[in-house]
Amino acid sequence: MTSENGTASASPGVRARVIAEFARRFGASPTAIARAPGRVNLIGDHTDYNEGFVLPLAIDRAVWVALRPRTDRRVSARSLDFAEQVELDLSGGPSAFGERASGRSGWAEYVRGIAWALSAAGCHLDGWEGIVGSDVPIGAGLSSSAALELAVARAFTGVSHLPWDPVAMARLAQRAENEWVGVNCGIMDQLISAGGVAGHALLIDCRSLGTRPVPIPAEASVVVLDTATQRGLVDSAYNERRAQCERAARGFGVSALRDVDLDTFEARAGALDPVARRRARHVITENARTRAAAAALERGDVREVGRLMYESHASLRDDFEVSSAELDRMVAIAGAHEGCVGARMTGAGFGGCVVALAGRAAAPALARDVMARYERETGRRGAAYLCAASAGASLEIVRSS
């Protein structure tokens, strides 16, 4: 097999499963395997839709699609995880998928949404049939939805012989989630899944969509600590927070909070209502922390990154009010462990995961000890993932032997 985009993810189990199920269902081997990773954000949450800065990394957990092209411009895809199938007819163009409506749910809507967004952008899509599988935990804040979107987009571009442009595809996937699924997300999740760099985090300017790979020091390990509390973005306060940020930006007379520095905030914050003031303070200080964390990583100062992570969690908890009792407890437990350098909630919040930074040798013990104590104190059995920074979405062409 060959890869069109970097190193493959370290998820051989799921990859093998989708290949085996494809052979069982279709009686032949797939001709291609699309993959797109989940992500964890080291720092910079709720800054992306404020046109600010984020510092995520693509993780070695991914959505995989084993597929082969069809000649009838139809899509037939089955999910291993949900035991469901989606059927699409591409011949009618974007109007054939129905009216856009917010609040759609179910994995199949992400497949439909990507087909709709690509068609609406003028792409001629060819059909394919495939099997979809994932080891990105769902509802944990690791962007399982963006990974699905980009894996499906990679499948479509492969069979349709379309160029793969990570930024363009991330934009289209974001449009699918905003306008088809109904989640008013920023572009971070889609862009890191599309364009991640192995061994690096990616500093993303969410206005220009410029990116800068930032190396993860060899002595550092990223540990994701799942609280076992799921959250649904469509039904959560995510969209409300975005509206509050937009209200705060209007109060400063700017298009986005990215354009307000700390001095301006402190001089004029009194004119905002208390809620908008707290939301703005988080975004403005988080942008500064994110850029400082990238600079610290580049000089190998892992301790400084950890300090900024703790500050970020406090800001998300107190000013943005998107943490939870379980997230706060997990951060406190991790922070008390001798192997932990820094910890914070990651993702949109209201449940999900904590990201911790640890020394590489200490990471396995931290994962084990934190999970044991968390279960004792909360009665919830969480999960820990030692994550390596992986490459973004890829397409493997299967060569017959």
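1. Ser-76 sits in strand S4, residues 74-79, of this predicted model. Beyond its neighbours within four places in sequence, Ser-76 is in contact with Arg-70, Gln-85, Val-86, Glu-87, Trp-128, Glu-129 and Gly-130. With Glu-87 there is a polar contact between side chains, at 2.9 Å. Ser-76 counts as buried because its relative accessibility is 7%, and the cut-off for buried is under 20%.

2. Asp-319 belongs to the loop that joins helix H9 (302-318) to helix H10 (325-335). Its relative accessible area is 11%, so Asp-319 is buried. The side chain of Asp-319 makes a polar contact with that of Arg-281, at 2.8 Å. Neighbours within four places aside, the residues in contact with Asp-319 are Arg-278, Arg-279, Arg-281, His-282 and Ala-314. Arg-307 is 12 residues from Asp-319 along the chain, and the two C-alpha atoms are separated by 18 Å.

3. The largest nonpolar core has 126 residues. Those touching the most other members are Leu-55, Leu-57, Trp-128, Phe-156, Leu-225 and Leu-257. Apart from its neighbours within four places in sequence, Leu-55 is in contact with Asn-41, Leu-42, Ile-43, Ala-201, Leu-202, Leu-203, Val-214, Thr-290, Ala-293, Ala-294 and Leu-297. There is also a second, separate core of 8 residues, including Val-14, Ile-33, Ala-62 and Trp-64. As background, nonpolar side chains in soluble globular proteins tend to be buried together.

4. Helix H5, residues 188-195, is mostly covered, with 7 of its 8 residues buried. The buried residues are Met-188, Asp-189, Gln-190, Leu-191, Ile-192, Ser-193 and Ala-194. Their cover includes helices H3 (144-160) and H4 (166-181). Strands S2 (32-43), S3 (53-69), S7 (200-205) and S8 (211-215) are also included in that cover.

5. The second largest pocket has a volume of about 260 Å³. It is lined by 19 residues, of which Asp-48, Tyr-49, Asn-50, Glu-51 and Arg-242 are the closest to its centre. H4 and helix H6 (238-252) are the elements that give two or more residues to this lining. H6 supplies the largest share, 4 residues. By class, the lining of the second largest pocket consists of 9 nonpolar, 4 polar and 6 charged residues.

Note on methods: Residues numbered from 1 in each chain as written. Predicted model: local features only at pLDDT ≥ 70, side-chain atom pairs only at ≥ 80, totals over all residues. Heavy atoms only, no water. Buried < 20%, exposed > 50% of the residue type's maximum accessible area, 1.4 Å probe, protein only. Contact = heavy atoms within 4.5 Å. Core = buried A, V, L, I, M, F, W, Y, C linked by side-chain atoms within 4.5 Å. Polar contact = N/O pair within 3.5 Å; in protein donor to acceptor, adjacent residues only side chain to side chain. 1 Å grid on protein atoms, 1.4 Å probe; cavity = no way out; pocket = protein on both sides within 12 Å on 5 of 7 lines; lining within 4 Å. Points joined across faces, edges and corners; volume = space filled by probe spheres on them. Nonpolar A, V, L, I, M, F, W, Y, C, P; charged D, E, K, R; others polar.
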